[in-house]
Each structure stands twice: as C-alpha cells, then as structure tokens.
Amino acid sequence: MHRAYPGGENTLRHLLSVAANGDTIRVMPGVHRGHTFDIRTSITLLGQPGAVIDAASTGSSILLVNADDVAIRNLTIRNVAVSYVDDNAAIKVIQRQRVAITNCRIENGFFAIYLSKSSNCRVTGNTIIGTERDESNSGNGIHAWTCRDILVSDNSVSGHRDGIYFEFMRHGTVMRNHSWRNARYGLHFMFSDSCSYKTNTFEYNGAGVAVMYSKWIEMFDNNFQHNWGPTSYGLLLKDITDGHLRGNRFVHNSVAIHGEQASRILMHNNTFVRNGYGLRILGGCELNTITNNAFDGNTFDVTTGTRESNNLFRENYWSAYDGYDLDRDGYGDVPYHPVRLYALLVEQMPSAVILMHTAFITILDLTERIIPTMTPETLVDSKPLMRPSTMQP
Amino acid sequence: MMTILLRYVVRDVLRSKWLALYLTFFAAVTEGLLYFTAGEAKTVIGLMNVVLLLIPLAAVVFGTLHVHHNRDFVELMLTQPVSRPSIFGALYLGVALPFMAAFVIGVGVPSILHGVAFTAPFQALIGTGCALTMVFFAIAYFVGVAIQDKATAMGAAFLLWLLFGVVYDGVILGVTVAFADYPLEMATIGMIVGNPIDLARIIVMLTFDYAALMGYTGAVFQQFFGTTTGIMVSTLSLALWTLIPVYAGYRTFCRKDW
C-alpha cells in the first residue's frame with residue numbers, strides 16, 4: 001500500500017516507478033500535476049475523494065498503462081493536451097490485457113480512454129465530459145482500436161467527437177451507457193464483428209449512431225432520441241449483415257434508421273415514434289425481416305429508392321393504417337403498403353420535399369393507394385397489427 | 001363617408017350566420033387538435049392544412065357571393081353622392097376584416113387557453129392566415145365585380161381556388177420532375193413565393209424544426225427566409241397578391257356600368 005501526495009517525496013511519479021506487481025497506490029486528495037505517468041507494473045491505482053490528476057493541457061497522454069492487470073478506480077483526470085499528431089488521451093492502454101477502468105471522471109480529455117490492441121478490458125461507470133469542439137478538433141470519448149473482449153458499461157460520455165468508437169473490435173459489449181451531445185456519433189462501429197450493445201441511450205448527438213461494415217451485431221433495448229438535423233439520424237446501418245435489432249426505441253429523430261447495404265437483419269419489437277423518417281432503406285438492403293415493430297406518428301414510416309423490395313414486413317403496427325379487422329383476430333384484413341408515393345418521389349428528387357403537406361400531395365398519395373403504379377408492390381405488410389404489440393424483449 | 005359605409009357593411013356581415021359558423025369552426029378545430037393531438041408540430045401541421053385550404057375557399061366563395069348579394073345596395077348607393085372608391089373600399093374591407101377577426105379569435109382563444117398562442121408556429125399561422133384572408137377576399141372581389149353572372153362568378157372563383165390550392169403544386173412537381181437534373185433550389189423558391197398559399201405553408205413549416213426533415217432543400221429555404229431579403233420578398237409577395245387584385249377590382253368597379 002502506497003500513498004501518493006501532490007508534493008513531497010512520495011509523488012505519484014515516484015511511486016509508479018517503485019511499485020511492484022500487486023501493489024495498491026492510493027492517490028491522495030489534491031491536484032497532482034503532470035502528464036505521461038507510466039504504469040509499468042500490475043497495480044491498482046485508487047483515487048481518494050478530491051484526488052485530481054491535471055496535465056494543464058500540456059505534454060502528451062496522462063496515464064500510460066504499460067502492464068497487464070492494472071486497475072484504475074475513482075480518479076479524476078483532466079485537461080489533456082490537444083494534438084493533431086498524437087492521439088493524446090487521459091488513459092491510454094496499448095497492447096495490454098485485463099485492464100479495468102472504473103468510476104473515473106475525465107474532464108476535458110482530448111481522447112478520454114484509449115484502448116489499442118488490448119483484450120479483456122473493462123471500462124465501467126466512468127463520467128467523461130469533453131470540451132465541445134467541432135469534429136476535426138476533438139477526439140473520441142472511449143476509443144477502442146483492434147481490441148477483443150472489451151466491456152464498456154454504465155459510462156456517461158458527452159462533448160467528444162464520437163462518444164464511443166470501436167474499430168476492428170471482436171466481442172465488444174456496450175451496455176447501459178449514456179452517450180450524448182457528441183459532435184459526430186454517439187456510438188461508432190467500424191469493422192467490428194460479433195459485438196453487442198444493449199440498453200444504451202444515445203441522444204442529441206451530431207448524427208446518432210453509426211454501425212458500419214460489421215457482421216453479427218446485436219442491438220437490444222437502446223434508446224435513440226432527439227438526433228435531429230438535416231444530416232442527422234438515429235441509427236445508420238451501412239454494410240451490415242446478420243444484425244439483430246430488438247426492443248429499441250427511436251423517438252424524434254430526423255431519420256430513425258438509415259440503411260444502406262444492410263442485409264439479413266432481423267428487426268423486431270422496435271418502436272418508431274415521431275420521427276421524420278422511420279425506416280429509410282436504400283440501395284442493397286435485402287432479405288431483412290421487419291416484424292412486430294410499432295410505427296407511430298412518423299412523417300414517413302418507410303421510404304425506399306426502388307420499386308423492388310425483397311424485405312419481409314409482417315405483423316407491424318402502423319398508426320397510419322386505415323384498414324379494418326372484421327374477424328377480430330387483432331390483424332388488419334387489408335394489407336398495408338407503408339411506402340407513400342410522395343416518399344418515393346422525395347427519395348428520387350429531393351427538392352420535391354417543398355411540397356410536403358400540400359393538398360396536391362395528399363390527393364396524389366390517395367390515388368396511388370387506390371391504384372398503385374409506382375410504389376413497391378412487394379413492400380407490403382400483409383398482416384398489419386391493429387394495436388402496438390406489448391413490448392416483450 | 002367610407003367609415004359610415006364600412007360600419008354598415010360590417011354590421012351586415014356580422015349578422016350573417018356564416019361568420020358565426022366560420023368562427024365556431026376554427027375554434028372547434030383548434031381546440032380539438034390541441035386537446036387530442038400530442039406534440040406541437042402535429043397540431044400546427046393539422047391546423048395549417050385546414051387554414052391553407054379553408055381560408056382561401058371561404059374567402060373566394062363568400063367574397064364573390066357578397067358582391068352579388070349586395071348589388072341592390074351598391075346600385076342604391078351609386079345614386080347617392082358617394083364616391084365609387086369609398087363604396088368599393090367599404091365593401092371589401094367590410095367583409096374581409098370581420099372574417100379575419102373571426103379567424104384570429106377562433107384560433108387565438110383556444111391557443112391562448114392552452115398557452116401556445118405566443119409560440120412562433122402559432123404566430124406564423126395566425127399571421128399567414130390573416131394575409132391569406134386579405135389576398136383571397138381581394139381576388140374574390142375582383143372576380144365578383146368583373147363577372148356579371150352569379151353562377152359564372154362562383155365557378156371562376158372556385159377554379160381560382162383550385163388553381164392556387166392544388167393545381168399550382170402539381171405544376172411545381174411537374175417542373176421538379178422535368179428538370180430533376182438541374183439545381184432547382186432558387187427556381188423552387190421563386191415558384192413558392194409566387195403562390196400565397198405555398199408561401200404561407202413554407203413560412204409556417206420553417207418556424208418549427210420541420211426544416212431539418214427537408215434536408216438540403218430545407219436548409220436552402222431556411223437560409224433564404226431567414227435573411228432580410230427573404231422576409232422582404234415574402235412580405236412583398238403577399239402584399240402584391242393583395243394590392244393587385246384590389247386595384248384590378250377597384251378599376252373594374254369604378255368603370256362598371258351597373
């Protein structure tokens with residue numbers, strides 16, 4: 001057991017150089033100034049209430065984890081230097097295993113927690129508050145590159161470029177995080193197969209959540225809300241195959257789900273409320289199964305750019321459905337075509353959007369509904385639900 | 001002289017059951033939407049759809065009818081030492097102003113009760129509704145004075161309503177389809193500004209965050225209508241759409257052999 005004080009002989013830097021494997025260093029209250037604190041042994045770094053490590057926006061990264069089995073808990077770390085050459089971070093972990101970062105508070109980190117080529121690490125319960133800068137001048141909150149088996153849970157991340165960023169990750173789990181007010185994405189997945197994220201809330205981010213070039217992604221019970229703007233969306237699915245979306249809520253996003261090249265995705269028990277576009281499925285979205293979702297009060301429930309569709313829509317609830325249920329089995333007797341003609345027109349000619357809410361468009365949509373000529377015939381819910389199904393995850 | 005005539009025409013219009021119906025209708029629709037619809041945007045959109053179709057329709061129909069119903073009154077007045085401009089002015093304002101007031105009260109009272117009357121979307125809605133009242137009563141008066149036969153005048157007024165309310169948007173869509181390969185933003189702004197109903201619709205829609213839905217085009221519109229030029233151009237358009245038919249109606253009225 002060591003105690004690190006801001007002044008005197010037992011400074012944090014000194015103790016880190018003498019600590020042996022298995023030691024615990026208590027970081028005592030006060031401001032510990034400096035950066036590039038090198039952790040070379042498997043220790044536990046324990047912040048006492050009021051303990052702060054402050055780099056005063058100079059130097060490079062603050063804590064460098066260069067050993068396996070390191071635990072960092074309850075520390076406050078702040079003011080990482082901005083660099084356009086190096087990815088400076090408050091806590092940087094490179095090629096390590098079993099590192100746990102728990103209940104830390106990171107303020108004004110350029111990158112906050114940075115993991116690279118590491119595995120079996122846990123980042124839990126941290127509060128990460130960045131200085132809101134624009135996209136090109138800020139780093140990511142929790143950044144993991146080429147990692148395996150990483151758990152990111154119960155963190156709150158705001159004011160960064162991407163709240164949580166995964167690239168070349170395998171078996172990453174993102175749970176119960178709150179990622180909000182980030183300049184670009186709340187969560188950004190690239191080339192990360194077999195990951196899951198559950199019960200997170202993503203709101204007020206520049207462009208919501210992007211999941212790209214990945215396979216076997218599980219997305220359960222997340223909240224995507226208030227991602228609103230001309231280029232914003234709740235969830236971007238690009239080049240995704242074999243994903244599974246269940247029990248997510250999309251509320252008030254300009255586009256709830258924007259899909260390009262998203263295939264073989266199972267999407268069920270999700271709720272789409274008051275979005276501009278509910279489901280926007282563009283080129284190459286094939287063989288998706290969309291069932292038991294609720295589409296309630298979206299300006300456009302589903303839009304697509306083509307007449308062809310081989311996605312299966314079945315047993316969804318559509319608030320715009322005006323059919324009837326004579327046999328009282330809970331399903332409408334008339335199939336529902338969720339794509340309006342106008343939605344198709346807007347997809348093909350974006351400037352037609354200025355005719356939104358005109359009588360002419362209403363008449364056009366009505367005519368198309370009676371005599372379909374342009375909207376995809378195969379994009380149809382043959383068994384629409386009369387009421388939203390009770391959400392069972 | 002005109003104020004005396006105006007007072008008379010207004011009193012006459014106020015007695016009409018149509019005006020009461022008009023007021024009640026707007027009050028009922030506003031209250032209903034505010035009560036049953038969740039979310040301000042949906043309420044305003046619903047109300048906007050009603051306002052944009054109903055105000056022009058009511059104005060052209062009632063305005064044209066009003067001219068013809070008051071033929072005897074006009075003929076009587078013309079035998080008196082009263083100037084023609086003041087008769088025309090009193091007739092036009094005497095019917096347009098009560099209808100405008102009925103609309104403002106009908107929408108205003110429920111929205112004050114629900115505490116939304118002073119939000120930007122409602123202000124825009126009430127403002128554009130008033131402008132549309134003035135514009136379409138002016139058009140109705142011109143048609144009513146210019147066309148002698150009552151049925152023909154009604155038909156023409158109805159056609160004009162259809163033209164502004166529906167057909168015009170079809171033309172915009174046609175142009176958009178035909179010139180899809182060209183940058184159309186400025187052209188569409190031009191076309192929108194040219195039609196008071198479309199202009200009113202865009203002004204209302206830009207007051208809440210619907211603009212984000214409209215992507216790039218929405219951003220262009222917001223930028224245009226956010227500038228002083230944009231505000232001036234749209235105000236000018238609405239003013240011209242009132243003044244030109246009023247002037248045309250006035251000329252026809254003054255030259256007409258009753």
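## Basis of the description

The model is predicted, and local features need pLDDT of at least 70, side-chain atom pairs count only at pLDDT 80 or more, and totals for chains, interfaces and linings use all residues. Residues are numbered from 1 along each chain as its sequence is written, while chains are lettered from A and ligands numbered from 1 in the order in which they are written.

## H3 and H9 of chain B

Helix H3(B), residues 40–69, packs against helix H9(B), residues 196–207, at an angle of about 165°, with the two axes 11 Å apart (helices are DSSP runs of H or I with at least four residues, numbered from the N terminus; axes are lines fitted to C-alpha atoms over the stretch in contact, and angles run from 0 to 180 degrees between N-to-C directions). H3(B) and H9(B) are therefore roughly antiparallel, a term for angles over 145 degrees.

On the H3(B) side, Val44(B), Met48(B), Leu52(B) and Pro56(B) meet Ile197(B), Ala200(B), Arg201(B) and Val204(B) of H9(B), where contact requires C-beta atoms, placed from the backbone, within 7 Å. These residues divide into 7 nonpolar, no polar and 1 charged (Ala, Val, Leu, Ile, Met, Phe, Trp, Tyr, Cys and Pro count as nonpolar, Asp, Glu, Lys and Arg as charged, and the others, Gly among them, as polar).

## H5 and H11 of chain B

Helix H5(B), residues 84–113, and helix H11(B), residues 228–255, pack at an angle of about 135°, with their axes 10 Å apart. The contact joins Arg84(B), Pro85(B), Phe88(B) and Tyr92(B) of H5(B) to Val246(B), Gly249(B), Tyr250(B), Phe253(B) and Cys254(B) of H11(B), and its residues comprise 7 nonpolar, 1 polar and 1 charged.

Technical notes. Helix = DSSP H or I, 4+ residues; strand = E, 2+ residues; numbered from the N terminus. Parallel < 35°, antiparallel > 145°, perpendicular 65-115°, else oblique. Contact = placed C-beta atoms within 7 Å.
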